[in-house]
Amino acid sequence: MTTGLFGGTFNPPHYGHLALAEAAKEKFGLDDLVVLVTAQPGHKDVEVDAESRLRLARAAFPDYDVELDPYERTVDLLRTGRWRDPIFLVGADSFSELLTWKEPDELLALARLGVATRPGYPQELLQPVLDGLARPERVEFFEIEPVPISSREVRDRVSRGEPVDSLVPPAVAEEIEALGLYRKG
């Protein structure tokens, strides 16, 4: 049974995240997909608390198991051994930074890596990462249609009082409003 693990800060989750999850489920024939909201990401500061981001992720992914990931580093989560044959899902931008992650070769010993790319993504950004890995065969690429949305764009629009209906599912927009997130002052 292959389980997809889709981790991130989800600050907030948007249609691009949903597109990646759906494409991965189809590409890898996933039996299950677990969305993991990183409580304390080791690589960036997040102003919104983990519980609020967990609520947003549950609103975005109502058909999936959504859990809080208490580990700062992905490899530590995978060491728990909770999943058989996991495939950890990331976007190409995250993959291009994989060699800076904690123990990337150990991560690949514990899970395959599913990397979402968009048409025309520069291969020259991906190849050096593959060349630096002990087990590059554990990395599988899959293409998704570009969804030109970022969490930063959603936060910026909300802070300016602009609508985000075209960027996030309605349930996420409702949670952002209910929680009073991303507003100035």
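**Helix packing, sheet and loops**

Modeller: Helix H2 (residues 50-60) and helix H8 (residues 170-179) have axes that come within 8 Å and cross at roughly 155°, where axes are lines fitted to C-alpha atoms, for helices over the stretch in contact, and angles run from 0 to 180 degrees between N-to-C directions. Helices (H or I, at least four residues) and strands (E, at least two) are DSSP runs, numbered from the N terminus. This is a predicted model, in which local features need pLDDT of at least 70, side-chain atom pairs count only at pLDDT 80 or more, and totals for chains, interfaces and linings use all residues. Residues are numbered from 1 along each chain as its sequence is written, and side-chain values use heavy atoms, with hydrogens and water left out.

Biologist: So how are H2 and H8 oriented to each other?
Modeller: H2 and H8 are therefore roughly antiparallel, a label for angles over 145 degrees.

Biologist: Which residues make that contact?
Modeller: On H2 they are Ser-52, Arg-55, Leu-56, Ala-59 and Ala-60, and on H8 they are Ala-171, Val-172, Glu-175, Ile-176 and Leu-179, with contact meaning heavy atoms within 4.5 Å.

Biologist: Changing topic, what is the strand order in the sheet?
Modeller: The open sheet has six strands in the order S3-S2-S1-S4-S5-S6, with parallel pairing; two strands pair if DSSP finds at least two bridges between them. Strand S3 (65-69) and strand S6 (139-143) stand at the edges with a single partner strand each, so one side of each is left without a neighbour in the sheet. From one strand to the next, the twist averages 30°.

Biologist: And where does H2 sit on the sheet?
Modeller: H2 packs on the sheet by touching S2 and S3, and its direction makes about 165° with that of S3.

Biologist: How many bridges link S1 and S2?
Modeller: Strand S1 (residues 3-8) and strand S2 (residues 32-38) pair in the parallel sense over six bridges, and Thr-3 has Asp-32 as its bridge partner in S2.

Biologist: What about the overall make-up, how many helices and strands?
Modeller: The protein chain has eight helices and six strands, which run β-α-β-α-β-α-β-α-α-β-α-β-α-α from the N terminus on.

Biologist: Which peptide bond is cis?
Modeller: The one from Asn-11 to Pro-12 is cis, with omega near -5°, and Pro-12 lies in the loop between S1 and helix H1 (15-28).

Biologist: And what is the phi of Asp-85?
Modeller: Asp-85 has a positive phi of about 50° although it is not a glycine, and Asp-85 lies in the loop between helix H3 (74-78) and strand S4 (86-91).

Note on methods. Parallel < 35°, antiparallel > 145°, perpendicular 65-115°, else oblique.
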